[in-house]
Amino acid sequence: LSTVSDMLLAELPKRSQTILERRFGLRVGHPATLDTIGKTYGITRERVRQIEADAFQKLRKGSAYQRLASLFETLRGYIDRHGGVMAEHVLLPDITEAPEHPHAYFLLSLAQPFQRISEDEAFHNRWHTSAEMAGAVEAALKATAVHLARENRVCSREEVHALFANQMASLGKTPEVEHFDSYLEISKLIR
């Protein structure tokens, strides 16, 4: 994936390249904050964010991005085969080795239709291809967690799956049973 990232970045001016490399940790393996990058260039964090957004727009219109359509479609298919929503700590190791995680994160951030939702008290960082499905899964997982907390007992995997399926049905969704474990991976409340 580093080769793919390099191919994309080659279409940008040097400053935009460097900002994206630092922002996503493409050269050193860990991302730099907006503040840190801004201090390097003597600009505000908001200006760094603007340069990043502008660079993404340019990349999405570039020829390298168009040549990578099949890669992005493969990534989309992978997430969709896991129900359209995946925990980041599962997705990144599934698609590449650890040293390449920053590149996978960069490509997912760049490409449409991938969206990342940051972790909160109930869920781990996660990626989705459908905001509607992500919202339904999160609502069903929260309701399932509330039900399990009221039960105050250890439940079997099958019981948890049945509770989750009922919650999804109440939202008008009927996910595939093979997606349930993938959905449960995003939850911090259900273990």
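Q: What makes the pairing of the Glu-159 and Arg-153 side chains a polar contact?
A: The two side chains come to 2.9 Å. A polar contact is a pair of N or O atoms within 3.5 Å, where, within protein, one atom must be able to donate a hydrogen and the other to accept it, and residues adjacent in sequence count only if both atoms are side-chain atoms. At 2.9 Å, the pair qualifies.

Q: What kind of model is this, and how are its residues numbered?
A: It is a predicted model, in which local features need pLDDT of at least 70 and side-chain atom pairs count only at pLDDT 80 or more, while totals for chains, interfaces and linings use all residues. Residues are numbered from 1 along each chain as its sequence is written, and side-chain values use heavy atoms, with hydrogens and water left out.

Q: Why is Glu-159 called partly exposed?
A: Its relative accessible area is 31%. Buried means under 20%, exposed means over 50%, and partly exposed is in between (1.4 Å probe, protein chains only), so 31% makes Glu-159 partly exposed. This residue lies in helix α10, residues 157-170; helices (H or I, at least four residues) and strands (E, at least two) are DSSP runs, numbered from the N terminus.

Q: Is Ser-182 buried or exposed, and how do you know?
A: With 12% relative accessibility, Ser-182 counts as buried. Ser-182 is in helix α11 (residues 180-184), and, leaving out residues up to four places away in sequence, touches His-82, Val-85 and Met-86. Touching, or contact, means heavy atoms within 4.5 Å.

Q: How do you know that the buried residues of α1 line one face of the helix?
A: The buried residues in α1 are Val-4, Ser-5, Leu-8 and Leu-9. Viewed down the axis, they fall within an arc of 130 degrees, so they line one face; the arc is that of the directions from the helix axis to the C-beta atoms. An α-helix has 3.6 residues a turn, so residues three or four places apart point the same way. The cover over the buried residues of α1 includes α2, α4, α5, α6 and α8.

Q: What makes a group of residues a nonpolar core?
A: The group must consist of buried Ala, Val, Leu, Ile, Met, Phe, Trp, Tyr and Cys residues joined through side-chain atoms within 4.5 Å. The largest such core here has 28 residues, with Leu-8, Leu-20, Leu-59, Phe-106 and Leu-108 making the most contacts inside it. Its largest share, five residues, comes from α8.

Q: Why is the Phe-24 and Tyr-105 pair called tilted?
A: Rings of Phe, Tyr and Trp (its six-membered ring) pair if their centres lie within 6.5 Å; planes under 30 degrees apart count as stacked, over 60 as edge-to-face and the rest as tilted. These two rings have centres 5.7 Å apart and planes at 50 degrees, so the pair is tilted. Phe-24 lies in α2 and Tyr-105 in α8, so the pair ties together parts 81 residues apart in sequence.

Q: What makes the Phe-56 and Phe-106 pair edge-to-face?
A: The planes are 65 degrees apart, with 6.0 Å centre to centre. Phe-56 is buried at 7%, and Phe-106 is buried at 0%.

Q: How do you know that the charged end of Arg-15 sits over the ring of Tyr-41?
A: The charged end is 5.7 Å from the ring centre. A charge sits over a ring if NZ of Lys or CZ of Arg is within 6 Å of the ring centre and within 35 degrees of the ring normal, and Arg-15 counts as sitting over Tyr-41.
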